[in-house]
Amino acid sequence: RSNSVSEYTNLRMAIEDRVAILTIDHPPANAFNRATITELGAAMDELIANDQVKVIIITGAGEFAFVAGADINEINAVKDAAEALEFIRLGQGVFNKIEDCPKPVIAAINAVALGGGLELAMACHIRILADRARVGQPESNLGIIPGWGGTQRLARLVGPAKALELILTADMVNAQEAFRLGLANKVVPAGQVLAEAKGLAKKIAAKSKLTNEASIKAVIGGLKGSLIDGLALEADQFSKLIGSHDTTEGVTAFLQKRQAKFTDN
């Protein structure tokens, strides 16, 4: 597979130096409608299958929003519980795919990330925020609750008390507060978010694909069970690496005081 990518209506995709950049481009606010969320799932499948891609960055087009939330007109069109469940499962499925992605996924949050936008960001493995960005789960203003992972991932990231405060009040927090709460890995000036994400992605892409995958499996998989389960998963992932070319190369390079040359096998 080369750097050629599929065309999407509400997304732009580019690949440079083994890093894919997925830009949600659905003016004016990059709101998630069914079409956009479905395309995001398809794009993730494509990038997971593409051997040229080692790290994925997700960002939003324009100055105004990373993703300002779900399309309210589509929520308004949902008429019963069965239809609502289908809509929720669609979003949850795509965000689970991102969280469980074997390749590291970095959210480059250029502006507001609200509702489904914050839920998308929380499904990514690492989050870089612009200093002007604000995040929140404002669903209670609409008489609903977060449904694409917000109640679960927010509680895991910031603790249940703070998660409930943010969900029950619908309050937005600024980038600095998001960082303090553990929602952001880093806050950088607005114009530097993508550059920062690319720098981080490049550093991660220089490591072995095998260790990237094993790290994600151990951390994300470990959060889904008990500590004992997680430790067993970690031991399993660690032991599977032994004997691989890249582990042998990494250890040998260290002992020979040289830079390791990983080949992803």
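This is a predicted model: local features need pLDDT of at least 70, side-chain atom pairs count only at pLDDT 80 or more; totals for chains, interfaces and linings use all residues.
Visitor: Which residue forms a salt bridge with Lys224?
Guide: The closest N and O atoms of the pair are 2.6 Å apart, and the cut-off for a salt bridge is 4 Å.

Visitor: Is Glu99 buried or exposed?
Guide: Glu99 is found in helix H3. Buried means under 20% relative accessible area. Glu99 has a relative accessible area of 15%, so Glu99 is buried.

Visitor: Which residues is Glu99 in contact with, leaving aside its neighbours within four places in sequence?
Guide: Contact means heavy atoms within 4.5 Å. With the neighbours within four places in sequence left aside, the contacts of Glu99 are Ala123, His125, Arg153, Ile216, Ile220 and Lys224.

Visitor: Which parts of the chain does the salt bridge between Lys198 and Glu16 tie together?
Guide: In this pair the closest N and O atoms are 3.3 Å apart. Both ends count as partly exposed: Lys198 at 29% relative accessibility, and Glu16 with a relative accessible area of 35%. The two residues are 182 residues apart in sequence, so the bridge ties together helix H8 (residues 193–205) and strand E1 (residues 11–16).

Visitor: What separates Lys240 and Asp236 in helix H10?
Guide: Lys240 forms a salt bridge with Asp236, with 3.2 Å between the closest N and O atoms. Lys240 is exposed at 56%, whereas Asp236 is partly exposed at 33%. Because they are 4 residues apart in helix H10, the separation is about one helical turn.

Visitor: How many salt bridges does the count come to?
Guide: The rule takes a side-chain nitrogen of Lys or Arg within 4 Å of a carboxyl oxygen of Asp or Glu. Arg34, Glu74 and Glu86 are linked in a network of such bridges. The count comes to 14 salt bridges.

Visitor: Which strands are the edge strands of the open sheet of 6 strands?
Guide: The strand order is E1-E2-E3-E5-E7-E10, with mixed pairing. An edge strand pairs on one side only. The edge strands are E1 and E10 (186–188).

Visitor: Which residue in E7 stands opposite Ile106?
Guide: E5 pairs with strand E7 (residues 126–130) in the parallel sense, over 4 bridges. The residue in E7 opposite Ile106 is Ile126.

Visitor: At about what angle does helix H1 run to E1?
Guide: Helix H1 (residues 34–49) lies across E1, strand E2 (19–24), strand E3 (55–60) and E5. Its angle to E1 is about 20 degrees.

Visitor: What accessible area do Ile72, Leu142 and Ile144 have together?
Guide: These residues form a nonpolar patch on the surface. Leu142, in the loop between strand E8 (134–136) and helix H5 (150–158), counts as partly exposed at 49% relative accessibility. The accessible area of the patch is about 250 Å².

Methods: Residues are numbered from 1 along each chain as its sequence is written. Side-chain values use heavy atoms; hydrogens and water are left out. Patches are made of residues with over 30% relative accessible area and no salt bridge: like charges are joined within 9 Å, nonpolar side chains (Val, Leu, Ile, Met, Phe, Trp, Tyr) within 5 Å. Accessible areas come from the Shrake-Rupley method with a 1.4 Å probe; for residues, only the protein chains shown count as cover. Buried means under 20% relative accessible area, exposed over 50%, partly exposed in between (1.4 Å probe, protein chains only). Two strands pair if DSSP finds at least two bridges between them. Axes are lines fitted to C-alpha atoms, for helices over the stretch in contact, and angles run from 0 to 180 degrees between N-to-C directions.
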